[in-house]
Structure formats: C-alpha cells, structure tokens
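Hi,

Here is the structure I promised to pass on. My notes follow below it.

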Amino acid sequence: MFKKDPSRHARPATSHTEAQQHVEQGGVAVYWRPGCPFCSMLERGLGPDAERATWTNIWEDRDALAFVESLNDGNATVPTVVTRDEHFVAASPAQVATTRSLIAEAGSVR
C-alpha cells in the first residue's frame, strides 16, 4: 500500500500554461496525477530538488492532459518529464536520476 505524500497537497497547482513558460525559461516540468505510484517514486527520489520543477496535475488541467497524450502516443502516461529538448516518462530509478540531473542543469530557473 502506498502512503499519501502530504507535501503533494502543499505544492501550489501549476497550470499547463505556467509549466510551458517554466520549460521555455529552461526549467523542468513534471506532469503527474494523484494516486500514481511512479509519480510518488519520482517525487521521493528527487527529494528537495522536486521543488525546483513545476508539477502539473493532468486530472485538473485538460490542456495538460491533452499535452501529455500528444507526447505519449495518445496515452495519459505519467509522470511525464518535459524540458526544452526532451520528454520522457520517469518510471524507473534511472529516469529519476536523469530528472535530478536535468533539474540541476536548469539551475535557479523558477
């Protein structure tokens, strides 16, 4: 059984538009949904670095859902990590490490 992450509710909701602006400025956006064990794994794996990415709930933003589906062959697969140059589904420890590196490279974009 997965425990709910109380920090998820403390993070402000970020719209798809805001996430895209963050990416355009060189940041990292994560598209997620509640109850997703891979999303929780990513957030836990990033630790404090998670705060340096924008997190957009695809269940609360139709544009975000459509965007994620456009990236993933019509599937609403999350967590989808997006930067200016790439996107991928972060569903493994190696992809969590890659996400951490991308956030570190993004520097102080916020």
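In which loop is Pro79 found? Pro79 sits in the loop between α4 and β3. Helices (H or I, at least four residues) and strands (E, at least two) are DSSP runs, numbered from the N terminus. A cis peptide bond joins Pro79 to Val78, with omega about 0°.

Before the rest, the ground rules. This is a predicted model: local features need pLDDT of at least 70, side-chain atom pairs count only at pLDDT 80 or more, and totals for chains, interfaces and linings use all residues. Residues are numbered from 1 along each chain as its sequence is written, and side-chain values use heavy atoms, with hydrogens and water left out.

Asp73 is also found in the loop between α4 and β3. Asp73 is not a glycine, yet has a positive phi of about 55°. Asp73 counts as exposed, at 78% relative accessibility. The cut-offs: buried is under 20% relative accessible area, exposed over 50%, partly exposed in between (1.4 Å probe, protein chains only).

Now Tyr31. Tyr31 is buried, at 0% relative accessible area. Its contacts (heavy atoms within 4.5 Å), leaving aside neighbours within four places in sequence, include His16, Ile58, Val78 and Pro79.

Tyr31 and Phe67 form a tilted aromatic pair, 5.4 Å centre to centre with 50° between the planes. Rings of Phe, Tyr and Trp (its six-membered ring) pair if their centres lie within 6.5 Å; planes under 30 degrees apart count as stacked, over 60 as edge-to-face and the rest as tilted. Tyr31 lies in strand β1 and Phe67 in helix α4, so the pair ties together parts 36 residues apart in sequence. Phe67 is buried too, at 19%.

Best wishes
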